[in-house]
Amino acid sequence: MTKNLQDFLITKEALTDISNIERKKFLQKIKIIKYLFLNGSTSNAEICSKFDISLPTSMALINQLMESGIVVKSGQGKSEGGRKPDLYGLKEHSFFVLTIHIKRFKIKIAITDNNHSIIFEDEITTEISPNSNIVELLHEKSQEVIKSAGIDTEKLLGVAISMPGLVSTTEGKNFTYYLTEQEPESLRDKFEKKFNKPVVILNDTKSACLAEYRFGIGKNKENVLVISMDWGIGLGIIMGGKMHTGHSGFAGEFGHIPMVEDGLLCHCGKRGCLETEASGLALVRKAKEGLKLGQTSVLNQLKGEDFEKMDPSVIIQAANKGDQFAINLLSEIGISLGKGIAVLIQIFNPELIILESEIAKAKQFITTPIQQSTNTYCMMQLKEKTRIELSNLGPNSCLFGGTIAVMDEIFKNQVAMLKSDLN
């Protein structure tokens, strides 16, 4: 019996010692493991249907995975007239992924397991700047999390790092923050040297999009847009049942579409970007400007450092308590955002748009003005075919998406190796 999934995975060296028949069987096992990872416990019949194999063949593969200690019986499914079918799932704590979500002023680090449970998490309050030694910082803090989680490090399969900016997962670089394209060594390579594990680096919104598509209300949908509304604005795109990343991996820079003629200077270098009018940064800026002009609000209680370090959550909390100034600010943000979303609807014709992240916590105070604005600016024939809903994944969508990204990479590499010599 193998100790964990890491021991079960095949290496390039081991390929030379197995026949093509055994290689094909191992390939089927990898596909079953991936299916159970993404979909949870399932029956033998479902696996047969999914992979177009016979019941005896499927059962034999499942039994071998059970003998390996990777798969276990996990209850019974619903009866369709006969006996209830046995369900099979991944054994608890078969493997773990270290997943890190970098935000503007906070970093969340967590250990997730193969059943998508967060084993341990910690949050660091810090501002990452171009001068930060991000590799050393994250490695040091991650070691503390791993130690606190008390997991077997042999079961830690990889590291996911989601962050804002122009991130190329293929190159392992962030072209906006921390490193530039002139760096001789990629950010991913630096992290892999420190962690001695496979590392996947991806844009935070794309990480959230993966989670929404696999586990959220976007599951099994073909055409979905995921809009992250935090300090900035990001867009994840599901087209034809696959995440669309674009030629360079940068597809979805929704927040940097110019929306205001000769508007405010954006940090990207252009003027009038949507992000200058409809992001968390814009919300905080507008709040501070209004308060300095004498607006009546509970936010006037913020003094000194609390005022200077105001964040979107404080304004959203005020709105939820009925503060009219905060409600009006969110309405203004929502109208601008809705105008941009109307453009997206007319370009992509999605069946569903999912709103997630910090500003989504404002609920009706942000969704109502967005709906009003899209009704005004979007062709009704397209608008009426698109639902706009709030995410149901909570604050950890990027952590879950990072876990998926790491395992996708591992499964992809296994499949590529196993297929390399098969005709």
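A charge is said to sit over a ring if NZ of Lys or CZ of Arg is within 6 Å of the ring centre and within 35 degrees of the ring normal. Lysine 288 lies in this way over the face of phenylalanine 307, at 5.9 Å from the ring centre, and the charged end of arginine 104 sits over the ring of tryptophan 231, 5.8 Å from its centre.

## Basis of the model

The model is predicted, with local features needing pLDDT of at least 70 and side-chain atom pairs counting only at pLDDT 80 or more, while totals for chains, interfaces and linings use all residues. Residues are numbered from 1 along each chain as its sequence is written, and side-chain values use heavy atoms, with hydrogens and water left out.

## Aromatic pairs

A search of the whole structure finds seven aromatic pairs, where rings of Phe, Tyr and Trp (its six-membered ring) pair if their centres lie within 6.5 Å, and planes under 30 degrees apart count as stacked, over 60 as edge-to-face and the rest as tilted. In one of them, the rings of phenylalanine 37 and phenylalanine 95 have centres 5.8 Å apart and planes at 50°, so this pair is tilted. The pair links distant parts of the chain, since phenylalanine 37 belongs to helix α3 (residues 20-39) and phenylalanine 95 to the loop between β3 (86-90) and β4 (96-102), 58 residues apart. Helices (H or I, at least four residues) and strands (E, at least two) are here DSSP runs, numbered from the N terminus.

Both phenylalanine 37 and phenylalanine 95 are buried, a term for under 20% relative accessible area, with exposed meaning over 50% and partly exposed in between (1.4 Å probe, protein chains only). Ring pairs also link Phe37, Phe95 and Phe411 into a cluster.

Phenylalanine 175 and phenylalanine 250 form an edge-to-face pair, with 5.7 Å from centre to centre and 70° between the planes. Here too distant parts of the chain are linked, with phenylalanine 175 in the loop between β9 (173-174) and α7 (187-195) and phenylalanine 250 in the loop between β13 (242-243) and α9 (275-278), 75 residues apart. Phenylalanine 250 is partly exposed, at a relative accessible area of 26%.

## Packed helices

Axes are lines fitted to C-alpha atoms, for helices over the stretch in contact, and angles run from 0 to 180 degrees between N-to-C directions. Helix α3 and helix α16 (residues 397-419) pack at an angle of about 165°, with their axes 10 Å apart. That makes α3 roughly antiparallel to α16, given that angles under 35 degrees count as roughly parallel, over 145 as roughly antiparallel, 65 to 115 as roughly perpendicular and the rest as oblique.

The axes of α13 and α14 come within 7 Å and cross at roughly 45°, which makes α13 oblique to α14. The residues of this contact divide into 13 nonpolar, six polar and one charged, where Ala, Val, Leu, Ile, Met, Phe, Trp, Tyr, Cys and Pro count as nonpolar, Asp, Glu, Lys and Arg as charged, and the others, Gly among them, as polar.

## Positive phi in two loops

Most residues other than glycine have a negative phi. Asparagine 349, in the loop between α13 (324-348) and β14 (352-356), has instead a positive phi near 50°, and its relative accessibility of 44% counts as partly exposed. Serine 357, in the loop between β14 and α14 (364-377), likewise has a positive phi, near 85°, and is partly exposed with a relative accessible area of 25%.
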